Amino acid sequence: LNRASWIILTLLLIPAGAVMASQDAVPGDSMYSTKIVLEDALLLAMKPSNSATSDMEMKFTKRRLLEVEQVTDTPFVIKSLKDLNEQVTDATTSIGKVKNLDKQAEQVAEYIQTLQETQTSLGQQQVAAATQPNNPTNPAEQVVNNYYYESNSYVDEAAQAELQRQLELTQAEITAELERLRQVALENERLQQQQQDAFQAQPNAAEHRQNQENRDKDEDGSDD
């Protein structure tokens with residue numbers, strides 16, 4: 001079976017209650033894999049429309065960022081950041097495939113704003129991670145969407161370094177995608193100008209043909 005067939009088969013086997021329960025799942029939750037399968041199914045259903053696919057991909061980017069914020073103080077933050085990395089790239093790629101230039105320009109502007117807000121949020125997390133106390137304190141329970149994770153404010157240096165590294169990688173990926181989006185915007189402007197020039201040239205071409213026909217008629221008349 002190909003990937004599309006596996007997704008459809010899985011959907012048929014997922015109870016309706018589980019579908020609803022998965023919507024608020026985050027990395028580390030038992031229902032998170034169900035949530036991802038459902039997202040893949042949505043993208044598969046929208047695949048014939050590039051603009052609908054890119055709209056959904058942009059929404060998933062916001063969803064991945066929300067998940068990162070929700071699991072910041074859990075062991076699952078590294079995976080969540082990696083998922084965000086991948087989603088950021090997927091959305092930009094989808095936007096680049098949109099054929100409707102007006103729609104594409106709208107999506108580029110919206111996604112640039114989304115990624116800039118994402119960078120701000122991650123920057124705040126970088127500051128928080130850098131100032132995380134290294135002195136052990138009493139363990140505390142934290143709740144993430146009704147799932148309990150045993151956590152301690154103490155974070156060893158290796159884990160802290162890994163979190164900072166992943167945050168930096170994600171920030172770098174977002175910066176690269178912002179540049180890609182700016183290139184898409186420039187190409188979009190070029191194509192729109194090309195279309196406008198072609199449209200404006202059409203009446204002139206018709207007028208030129210009419211003038212030529214008139215001259216040809218005059219010349220025919222003078223020959224008589």
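Contact here means heavy atoms within 4.5 Å, and helices (H or I, at least four residues) and strands (E, at least two) are DSSP runs, numbered from the N terminus. This is a predicted model, in which local features need pLDDT of at least 70 and side-chain atom pairs count only at pLDDT 80 or more, while totals for chains, interfaces and linings use all residues. Residues are numbered from 1 along each chain as its sequence is written, and side-chain values use heavy atoms, with hydrogens and water left out.

**View 1. The whole chain, to get our bearings.**
The protein chain has seven helices and two strands. Along the sequence they follow the pattern α-α-α-α-α-α-β-β-α. Of the 224 residues in the protein chain, 33% are buried (under 20% relative accessible area; exposed is over 50% and partly exposed is in between, with a 1.4 Å probe and protein chains only). Take contacts between residues at least 6 apart in sequence: 68% of them join residues at least 24 apart.

**View 2. Helix α4 against helix α5.**
Two packed helices are described by the angle between their axes and the distance between the axes. For helix α4 (residues 50-70) and helix α5 (residues 77-96), the axes come within 8 Å and cross at roughly 160°. That makes α4 roughly antiparallel to α5. Axes are lines fitted to C-alpha atoms, for helices over the stretch in contact, and angles run from 0 to 180 degrees between N-to-C directions. Angles under 35 degrees count as roughly parallel, over 145 as roughly antiparallel, 65 to 115 as roughly perpendicular and the rest as oblique. On the α4 side, look for N50, T53, S54, E57, M58, F60, T61, R64, L65, E67 and V68; they meet V77, S80, L81, D83, L84, Q87, V88, D90, A91, S94 and I95 in α5. The residues of this contact divide into ten nonpolar, seven polar and five charged. In this grouping, Ala, Val, Leu, Ile, Met, Phe, Trp, Tyr, Cys and Pro count as nonpolar, Asp, Glu, Lys and Arg as charged, and the others, Gly among them, as polar.

**View 3. Helix α3 on helix α4.**
Helix α3 (residues 32-46) and α4 have axes that come within 9 Å and cross at roughly 165°. That makes α3 roughly antiparallel to α4, and α3 passes α4 in a left-handed crossing. From α3, the contact uses Y32, K35, I36, E39, L42, L43 and M46, and from α4 it uses A52, T53, M56, E57, F60, R63, R64 and E67. Eight of the residues in the contact of α3 with α4 are nonpolar, one is polar and six are charged.

**View 4. Helix α5 on helix α6.**
Here α5 and α6 pack at an angle of about 165°, with their axes 10 Å apart. The two helices are therefore roughly antiparallel to each other, and the crossing of α5 and α6 is left-handed. L81, L84, Q87, V88, A91, T92, I95 and G96 in α5 meet Q104, Q107, V108, Y111, L115, T118 and L122 in α6. The residues of this contact divide into nine nonpolar, six polar and no charged.

**View 5. Inside the largest nonpolar core.**
A nonpolar core is a set of buried Ala, Val, Leu, Ile, Met, Phe, Trp, Tyr and Cys residues joined through side-chain atoms within 4.5 Å. Of the 24 residues in the largest one, L81, Y111, L115, L122, L163 and L181 touch the most other members. Each of α4, α5, α6 (101-130) and α7 (157-223) supplies at least two residues of this core, and the largest share, seven residues, comes from α5. Zoom in on L115: leaving aside its neighbours within four places in sequence, L115 is in contact with T61, V88, I174, E177, L178 and L181.

V77 lies in helix α5 and counts as buried at 5% relative accessibility. Beyond its neighbours within four places in sequence, V77 is in contact with V68, V71, T72 and L163. The C-alpha atoms of V77 and P27 are separated by 7.9 Å, although these residues are 50 apart along the chain. Q87, in helix α5, is buried with a relative accessible area of 8%. With neighbours within four places in sequence left aside, Q87 is in contact with E57, F60, T61, R64 and Y111.

**View 6. E168 on helix α7.**
E168 has its place in helix α7 and is partly exposed, with a relative accessible area of 48%. Its C-alpha atom and that of L122, 46 residues apart along the chain, are separated by 8.9 Å.

Conventions
A crossing is left-handed if the near helix is turned anticlockwise from the far one by less than a right angle, and right-handed if clockwise.
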